[in-house]
Amino acid sequence: MSTGSAPSRRHLALGGAVAAGAGIAVAHALTNLLNARATPVQGVAEVVIEVTPGPVAETLIQLVGRNDKPILIAGVTIAVIGLGALAGVLSRRSRLAANLVFLAMGIIALLALMSRPGFTSASVLPLAAGVATWLLVLAFLVDAAPTAAPTAALTAAPTAAPESSVGAVDVGSARSRRFVIVAASVAVASVAVAASGRLFGQTRRAVETTRRLLRLPVTRGAVPADAELGVAGTTPWRVPNDEFYRIDTALVLPAIDPNEWRLRIHGMVDREITLTYDDLLARQMTEAWVTLCCVSNPVGGELIGNAWWSGVRVADLLEEAGVAPNADAVRQTSQDGWNCGTPIEALTDDRNALLAVAMNGRPLPVDHGFPVRMVVPGLYGFVSATKWVVDLEVTRFDRFSAYWTERGWSATGPVKTQSRIEVPGDGDDVGSGSVRVGGHAWAQHTGIEAVEVRVDGGAWQRAELGGVPGNDTWVQWAATLDVAPGDHTLAVRATDKTGYAQTAARADVVPDGATGWHTIEFTAE
């Protein structure tokens, strides 16, 4: 084909991009229809998470918060569409080169899916259909792309009437419009196919239905009457389920039928135990207020929440299994393959480390670990709070490395004593004179003894503390300050029940949690 009669690059790029989108849509719909675990795009995104270094992951969490997963999915999707556009342009010279781009993407996606837990032959079918769609739609749109008028034909008749040139331009414009309409129609059909795929997905909806119908032998828990101090704008002492922070590596939330859930307790034990969901519910339920905190929580951050948890004490199960005297860790594994290492003393002492089945009196939300998750007071979540937990291996720290420790984080992760200001917010304007301030402080499994605040670097003033049922929750604090008009700085620090007072020295969240006083600025008018 001569260069003069070839379709334009912009038409070919559009065709390639639309072909890529169509393949993604078909793969998405078939993934839902076959109840496969993850789409090819999700599989690739999961591998991106897997290979991302810890400091990079932490930076991204701080930048985009809980939007990290949608942004990653969107990024992979845009990359595939961009490579599709490149394939379209390459087809101007070689169809084989264009097809090889799509085949290479298919191989990468296949390797990604094969590396993930739960891979089956059913996982290949959506990918294969997607690649086939890429190739077929690309061929169709490349053939449909309008060709430019040959240069030789335009220069051979210089005396042609101007009307002929105008007619040729009109024909070319009409062909271009027709191609754009065809490409747009394919794109719209692709979106419809992808959307309809959600209608076919049965597993997630079935699990959600099962969850809603569950009636568990649990209570909702009563908030202590003196837990909240009445400062408007502070976070509720009990955080509702739909407002509770979520940090995990799961791009595809595991959808586990509780009737199929199993927990294996094994390793350095006298007796291996396998539990079903019904086995767990038949055991004695323990309920407790526990505050969970993410190690990625910066000073003054929001990655913390308090809830009423219901479940079975892990200590009782480990006692039944018979732990070897030289064991010092439990390697927890989630259904999606994520794992962490937990100091065994945190699971066998007097704290309420739970295999939790309910949160604030309701079955766990799917995004918080339904049907069963771990809750361990006093430890950051990255070493303890496994969602969708299916395996507990009693072992030693020197025999394994966990997900986040491989990425530069510490192995044990005890929660650090911290406090934050919630009212006023940073940059707020308030009335001068008597100003009510408040927030929360925490030192799970140690307890908060005192909270102090100061304005503009002056003397520390003791704050009032709300009531708490024990040492495993945060405590609300409040104080009344006399503030003159003008700009001011407010700082807070906590002292825990061991006598340790928060350090002013700022430390990053890596490798074992942030330190420093939370400080905000406000203006009194």
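Contact here means heavy atoms within 4.5 Å.

**Entry 1. Ground rules.** I am working on a predicted model, where local features need pLDDT of at least 70, side-chain atom pairs count only at pLDDT 80 or more, and totals for chains, interfaces and linings use all residues. Residues are numbered from 1 along each chain as its sequence is written, and side-chain values use heavy atoms, with hydrogens and water left out.

**Entry 2. Proline 258.** I looked up its contacts first. Leaving aside neighbours within four places in sequence, proline 258 is in contact with Thr210, Tyr277, Phe370 and Pro371. Proline 258 sits in the loop between helix 9 (203–213) and strand 1 (262–267). I take helices (H or I, at least four residues) and strands (E, at least two) as DSSP runs, numbered from the N terminus. Is proline 258 buried or exposed? Its relative accessibility is 5%, so it counts as buried. The cut-offs are under 20% relative accessible area for buried, over 50% for exposed and partly exposed in between, with a 1.4 Å probe and protein chains only. I also checked proline 258 against leucine 141: they are 117 residues apart in sequence and 47 Å apart in space, C-alpha to C-alpha.

**Entry 3. The whole protein.** I counted 12 helices and 19 strands. The C-alpha atoms fill a box of roughly 95 × 70 × 45 Å along the principal axes. Of the 525 residues, 50% are buried. Among contacts between residues at least 6 apart in sequence, 77% join residues at least 24 apart.

**Entry 4. Cores.** I define a nonpolar core as a set of buried Ala, Val, Leu, Ile, Met, Phe, Trp, Tyr and Cys residues joined through side-chain atoms within 4.5 Å. The largest has 111 residues, and Tyr277, Trp309, Leu355 and Val357 have the most contacts inside it. Helix 6 gives the most to this core, with seven residues. A second, separate core has 21 residues, including Val430, Val437, Ala479 and Ala494.

**Entry 5. Helix 5.** I checked the length of helix 5 (residues 95–114). Which residues of helix 5 are buried? They are Ala98, Val101, Phe102, Met105, Gly106, Ala109, Ala112 and Leu113. Seen down the helix axis, they fall within an arc of 130 degrees, so they line one face of helix 5. The arc is that of the directions from the helix axis to the C-beta atoms. An α-helix has 3.6 residues a turn, so residues three or four places apart point the same way. On the other side of helix 5, Leu96, Ile107 and Leu111 are exposed. The buried residues of helix 5 pack against helix 1 (9–33), helix 2 (40–51), helix 4 (68–90) and helix 6 (124–144). At the N-terminal end, serine 94 caps helix 5, with a side-chain oxygen 3.4 Å from the backbone nitrogen of leucine 96.

**Entry 6. Threonine 31.** Threonine 31 is in helix 1. It is buried, with a relative accessible area of 5%. Its side chain reaches the backbone oxygen of alanine 27 at 2.7 Å. I count a polar contact as a pair of N or O atoms within 3.5 Å; within protein, one must be able to donate a hydrogen and the other to accept it, and residues adjacent in sequence count only if both atoms are side-chain atoms. Not counting residues up to four places away in sequence, threonine 31 touches Ala36, Ala38, Thr39, Pro40 and Pro126.

Entry 7. Two strands pair if DSSP finds at least two bridges between them. This open sheet has the order 11-13-17-16, with antiparallel pairing. Strand 11 (418–423) and strand 16 (464–465) stand at the edges, each with a single partner strand, so one side of each is left without a neighbour in the sheet. I traced the pairs in order.

- Five bridges join strand 11 to strand 13 (residues 433–442), and valine 423 stands opposite glycine 438.
- Strand 13 and strand 17 pair over nine bridges, with valine 435 opposite leucine 481.
- Strand 16 and strand 17 pair over two bridges; leucine 465 has tryptophan 477 as its bridge partner.

Strand 17 (residues 475–483) is mostly covered, with seven of its nine residues buried.

Entry 8. Strand 18 (residues 486–496) and strand 19 (residues 518–524) pair in the antiparallel sense over seven bridges. There, alanine 491 stands opposite threonine 519.
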